[in-house]
Amino acid sequence: MLHPGRGGVRRGPGDHQGHGRGRADEDRPRGLRQLGAEQRDADQRGAEQQRPAKPNRRHHRPGPREANTFPKGTHMTEQTTKTDERDYDEYRVVQDLGGWKRTHSCSQLTAANVGEEVTIMGWVQFRRDHGGLIFIDLRDREGLTQTVFSPEVAPEAHERAHAIRIEYVVALRGIVKPRPEGMTNTSMHTGEIEVYVTEWKLLNTSDTPPFPIEDRVDAAEMLRLKYRYLDLRRPRLARNFILRNKAAQSVRRYLDSLGFLEIETPVLTKSTPEGARDFLVPSRVNQGMFYALPQSPQIFKQLLMVGGLDRYFQIVKCFRDEDLRADRQPEFTQIDIEMSFPDEEQIMGMAEGLVRTLFAETIGVALPAAFQRMSYKQAMDEYGVDKPDVRFGLKLVDVKDIFVGGGFKVFAGAPMLKAIRVPGGLELSRKEIDDYTEFAKIYGAQGLAWIKVKEDGEWQSPIVKFFSEDEKAKLAERLGMVPGDIVFFQAAPADVTNASLGNLRLKLGERFGLIDEKAYAPLWVTDFPLLEYDPEDKRWVAKHHPFTSPQPGQMDTIASDPGGALARAYDLVLNGNEIGGGSIRIHTPGAQKAMFSALGIGEQEAEEKFGFLIEALKFGAPPHGGIAFGLDRIIMLLTGSKSIRDVIAFPKTQKAACQMTEAPNVVDNRQLRELGIRLREKVAEAAPEETKNEA
RNA sequence: GGAGCGGUAGUUAAGUUGGUUAUAACGCCGGCCUGUCACGUCGGAGGGCGCGAGUUCAAGUCUCGUCCGCUCCGCCA
């Protein structure tokens, strides 16, 4: 893996000189090299010691270097044109700040500053060297400023500026001047002015970056992640983190104003058996024992309520050892909130205020005064998913009853049969329909039935020949079918029907341009089932978590009808994304025990795993409840990012690895021995000898 | 655990039914240039196609394996 250096000489650690751009010094006996040459030679020796010479094919450069291996004079006449080449390394001596202070950021200067002497510092974005005038666009996280080096204004500064390259770090001092008539750049915030540099300091050089530091460049994500610190310099990412900070501060201000206390909870905590896989941390002091990283601070925030602290919040890292997605990372950030003596309305009202404030203060969007609400049942019935995107229609319609006992076995015998009518869908090509069929199969569907209603009203479909006239009539009426439509059907088990049609609906919404990209449609989904059946474990598990309170009276029927019990839980959905969820919690030991029992967790097991919680509930736990928001997902929505990685400073790849640090990695056997851990043979092969760990 | 897509100069990509010396643009290095702003212009260097086998007279192109990245299903109380 070669570094994209500019010259033939590799730089070692601590070498700030930036030599190695051109050929080695001895190739060019010119006056330029007097300054700082000694220093450089010393550095070079140091660098070579630390980094043994490696054949570097890339930087092989024929020319004077080879010429010099000939006896002096033999070929020199032929080389004379080449010896005019210059080496700017003498100017690439890194300087101290020497007391210089920044007066402005790179986005600040406007016509109002004309005539001022300013000092700006940052990275070189572009260099336009005209031989005479040199233009440098200087970048910091805020923006760009054009600077001018003129031989008439400052000859020394101008001469040295020939050495400046992209991503060099410089401090520029100069006078703000209006740009000449007709030379303003309207696409730049600072486009009315330019800074005439009078003196400047080179604060650091830079190797050529592996990819350009510009938004318009589409570098491979692997590369961006390996050089994440360079990726972060790009305006798009910088903007994301500036906004993320704004959002976090907005949350703090809002919750603080309502009396919520920001309290930290442990990161080294106890494994919880329910839910996602835990990340485990071995204990050295207690060999053979493990901490777990929190999947959420759920139990701690409840205990803070038992502790009488009344209102808590935390912007907190949570960890789940599950597979990654475009919107899922193994460590992510939650806005975690809990309050005492609330009902659902209070929490939802507080949460709406929070989200409304957040959107107003970050992107200036006014969300509706009251968010739309929908029961879980309605969401599943009409949208097939528990996080509907309500920016558009195309609702799912249950048509099972029409075909019960009918002649078309696929429909008549289906556990669930739903249809989705798409106005204008007549234009879909065979290929598109086939693609949608493949799409449906991802969710376990066997196929995808369809009917096109042609302009003359005739139905075109591979399946209508199996329908009776009565079925056709009822179907047309139920769906309101008109010419130009296509109707898709899914006949399958409930989960497959809902998932395939629910997700197809989203694709169709996009295909037919039904989604207003600028709209924000928040939606509360309420009345979730308390439990859901896990066919793998063959038992009922908590849909939300086992501390969620059932709705009044639901506990009584839980044994007879576990699937029918409803929870005091609510999710906040925005444009089809789940951005938050919470519940009123169980706050009496009796109810909590009953819940564990319903989940098939025995008294002894409950005692071992959650004994401290049950005990706490015995000591006057107040009624309490809360909510948690996925901060990363909210920032994704606010910034329009397609990937959660674009809103996390140092994210992990799909294999949960960090391209930059190469975490996770093997550790010394010594470290393992201290922890009382021995790796199984197969794994141990990859582990290093204990003495060999690279620094 | 599974499905799909991808890996070719520093980067982004092209590369035909396997066939001379693997293309281009940008970037890089150097020359020239006093009004550019993704400056221009002239010249130059730079890769053997993720890695490993195999088929073949011949492999970037075909086969198998493997590694890495992305999207998705499962999973994510």
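I take contact to mean heavy atoms within 4.5 Å. The model I am working on is predicted.

**Entry: helix α7 against helix α9**

I looked up which residues pair these two helices. From α7, I list L243, K246, A247, S250, V251, R253, Y254 and L255. They meet G349, M350, G353, L354, T357, L358, E361, T362 and I363 of α9. I sorted the residues of this contact by type and got 9 nonpolar, 5 polar and 3 charged.

Next I checked the geometry. Helix α7 spans residues 235-257 and helix α9 spans residues 344-363. Their axes come within 9 Å and cross at roughly 140 degrees. Angles over 145 would count as roughly antiparallel. I therefore log α7 and α9 as oblique to each other. I note the crossing of α7 and α9 as right-handed.

**Entry: salt bridges**

I counted 45 salt bridges. I then picked out a few.

R645 and E221 form one, with N to O at 2.6 Å. R645 sits in the loop between α18 (631-639) and α19 (669-675), while E221 belongs to helix α5 (residues 221-226), so this pair ties together parts 424 residues apart in sequence. Is R645 buried or exposed? I find R645 buried, at 18% relative accessibility. The cut-off for buried is under 20%. E221 has a relative accessible area of 27%, so I put it down as partly exposed.

R585 and E338 form another, with N to O at 2.7 Å. I place R585 in the loop between β21 (577-584) and α16 (589-598), and E338 in strand β10 (residues 331-340), so here the bridge ties together parts 247 residues apart in sequence. Both R585 and E338 are buried.

I also looked at a bridge within one helix. The side chains of R430 and D434 meet at 3.5 Å, N to O. Both residues lie in helix α13 (residues 430-442), 4 residues apart, which is about one turn of the helix. I find D434 partly exposed, at 35% relative accessibility.

Which residues are linked in a network of salt bridges? I traced one through R224, R228, D231, R234 and D646.

**Entry: T653**

I located T653 in the loop between α18 and α19. R645 is in that loop too. T653 counts as buried, at 16% relative accessibility. What does T653 contact, leaving aside its neighbours within four places in sequence? I wrote down L225, L324 and Q659.

Conventions. Residues numbered from 1 in each chain as written. Chains lettered and ligands numbered in written order. Predicted model: local features only at pLDDT ≥ 70, side-chain atom pairs only at ≥ 80, totals over all residues. Heavy atoms only, no water. Salt bridge = Lys/Arg side-chain N within 4 Å of Asp/Glu carboxyl O. Buried < 20%, exposed > 50% of the residue type's maximum accessible area, 1.4 Å probe, protein only. Axes fitted to C-alpha atoms, helices over the stretch in contact; angles between N-to-C directions. Parallel < 35°, antiparallel > 145°, perpendicular 65-115°, else oblique. Left-handed = near helix turned anticlockwise from the far one by under 90°. Nonpolar A, V, L, I, M, F, W, Y, C, P; charged D, E, K, R; others polar.
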